[in-house]
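Visitor: I've got a model to go through with you. Can we start with the buried aromatics?

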Amino acid sequence: MRKLHFILILLLGNILFSNAQNNINFQAMPPSEGDMSSEVSNALKLKVEQILTRNGAAATSLYNAFIIEPQLNLIDDISTEGLLYKVQIIKAELTLLAKNALDGSMYGSIVVPISGSGKNSKEQTLRSLISKIRATDAQYSRFIRNARQKIMDHYTQNCGTIMQKAQVMMNTGKYEDAVAYLSCVPETTPCYEQAAEALIQASGLAKTMDCEAEMLIARNYYIRKEYDKALDILAKIPMSSNCNEEARALTDSVEKYIAIPPETIQVEKIVEKEVIKEVPVEKVVVKEVPVEKVVVKEVPIATPVAQKPAVTTLNPKISYSRNNIQVKILSCEGVEAQQAVAITFMVTNIERGSDDRSYWKFYNGIDTEGGTYEKYSWDKLGGGPYYLDLPADVPVKRMCYIKVYDKISGFSYLKFEIKDCVVTIKDLLVTWK
């Protein structure tokens with residue numbers, strides 16, 4: 001009887017452990033290292049997604065903190081001449097790394113030897129090599145299971161440090177990063193309830209930052225007299241947001257300019273009357289006196305044309321590490337209230353046939369006084385996604401917010417990475433609003 005009771009306890013423990021582990025999922029990333037084309041890199045990322053899906057470990061959110069990063073290390077490359085075509089044989093090692101994308105923590109790795117052959121080209125051989133990776137292989141299941149266990153151990157043993165890192169993210173305005181970081185805390189850890197409370201706080205702050213970013217865009221349209229665009233942005237701000245009163249006040253100001261009717265001239269009608277002249281005789285003779293008709297012409301009043309504010313000409317020097325994109329700077333505006341500089345880009349992918357999904361990153365910047373900057377976010381002050389599609393030959397407009405603490409006059413140096421291309425920008429002036 002005692003033996004049966006012990007077995008039931010073990011089974012129950014395994015079920016609870018399995019359910020806790022199933023809450024930990026991963027996002028497949030493209031390889032960050034290796035000399036391979038975007039097509040081969042894409043194929044390798046897809047294979048990792050198949051492995052995760054096969055093992056029930058694929059994340060549904062793009063902002064999941066846990067990632068699997070593949071690396072393909074070539075060991076041997078042999079070419080043989082056949083009767084009809086050249087045959088290429090490649091031996092390689094597939095390395096999978098389980099990591100935390102937000103703080104760089106490593107939770108495990110696996111190295112699997114693979115080989116493949118192809119005809120005529122190395123590109124075709126690499127594709128054949130990747131296609132032969134078996135997503136059902138048991139060693140991938142063990143790797144994922146071990147990574148999940150190490151994640152649970154890590155969060156259990158380092159609860160205090162994890163909560164401190166999350167607080168730092170919120171203090172530095174990285175609210176969406178904090179949401180992703182805290183949402184990964186397993187339910188079985190001692191600090192789960194504390195993390196849940198901090199998660200609610202970070203989510204509320206992220207929504208507030210979204211609201212403030214929308215207000216910033218609407219105010220810019222209002223200043224430029226683009227009232228229709230300003231109203232479109234203001235209409236998207238929910239009534240429950242912290243910016244509701246500010247949004248309503250700006251909406252009233254915008255509507256005053258939109259509702260002004262065109263200037264008109266009111267012309268009074270002139271009625272012709274008969275003039276009766278009395279003649280001092282016995283008989284009164286009524287004589288009609290012709291009245292001259294007055295013709296009144298409407299003179300159109302020219303509506304004064306609103307003068308556009310002077311715009312500082314942006315003529316920065318832009319250089320590229322690869323010839324796969326084109327970047328144009330549309331504006332570079334400082335927002336004193338937010339202690340940030342908003343740079344608006346227009347980026348065009350000129351590499352046809354490549355993967356549309358692209359990685360966007362800001363490395364650092366140096367102002368004209370020698371100050372350095374690293375804190376940034378895409379699309380809004382709270383932070384946007386690091387990945388964004390770049391379809392071939394389709395210009396994509398995007399805004400990058402760089403955190404500053406002084407009213408700088410410009411940047412002498414900026415470094416970005418967009419679609420595996422390092423973009424360097426020099427001599428960019430800042431216009432303050």
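Visitor: Is Tyr107 buried or exposed?
Guide: Tyr107 is buried, at a relative accessible area of 3%. Buried means under 20% relative accessible area, exposed over 50%, partly exposed in between, with a 1.4 Å probe and protein chains only. This is a predicted model: local features need pLDDT of at least 70, side-chain atom pairs count only at pLDDT 80 or more, and totals for chains, interfaces and linings use all residues. Residues are numbered from 1 along each chain as its sequence is written, and side-chain values use heavy atoms, with hydrogens and water left out.

Visitor: Which ring pairs with Tyr107?
Guide: Phe66. The ring centres are 5.7 Å apart and the planes stand at 85°, so the pair is edge-to-face. Rings of Phe, Tyr and Trp (its six-membered ring) pair if their centres lie within 6.5 Å; planes under 30 degrees apart count as stacked, over 60 as edge-to-face and the rest as tilted. Phe66 is buried too, with a relative accessible area of 1%.

Visitor: Where do Phe66 and Tyr107 lie?
Guide: Phe66 is in strand β2 (residues 66-81) and Tyr107 in strand β4 (residues 106-119), so the pair ties together parts 41 residues apart in sequence. Strands (E, at least two residues) and helices (H or I, at least four) are DSSP runs, numbered from the N terminus.

Visitor: How many aromatic pairs does the structure hold?
Guide: It holds 12. One of the edge-to-face pairs is Tyr376 with Trp378, at 6.2 Å centre to centre and 85° between planes. Trp378 is buried, at 0% relative accessibility. Tyr376 and Trp378 also belong to one aromatic cluster with Phe345, Trp360, Phe362 and Phe416.

Visitor: Which charge sits over Trp360?
Guide: The charged end of Arg398, 4.9 Å from the ring centre. The test is NZ of Lys or CZ of Arg within 6 Å of the ring centre and within 35 degrees of the ring normal. Lys415 lies over the face of Tyr363, at 5.0 Å from the ring centre.

Visitor: Switching to sheets. What is the strand order in the open sheet of five strands?
Guide: β10-β12-β7-β6-β16, with mixed pairing. Two strands pair if DSSP finds at least two bridges between them. The edge strands, β10 (376-378) and β16 (431-432), each pair on one side only.

Visitor: How do β7 and β12 pair?
Guide: Antiparallel, over eight bridges, using residues 340-349 for β7 and 396-403 for β12. Ala342 stands opposite Tyr401 in β12.
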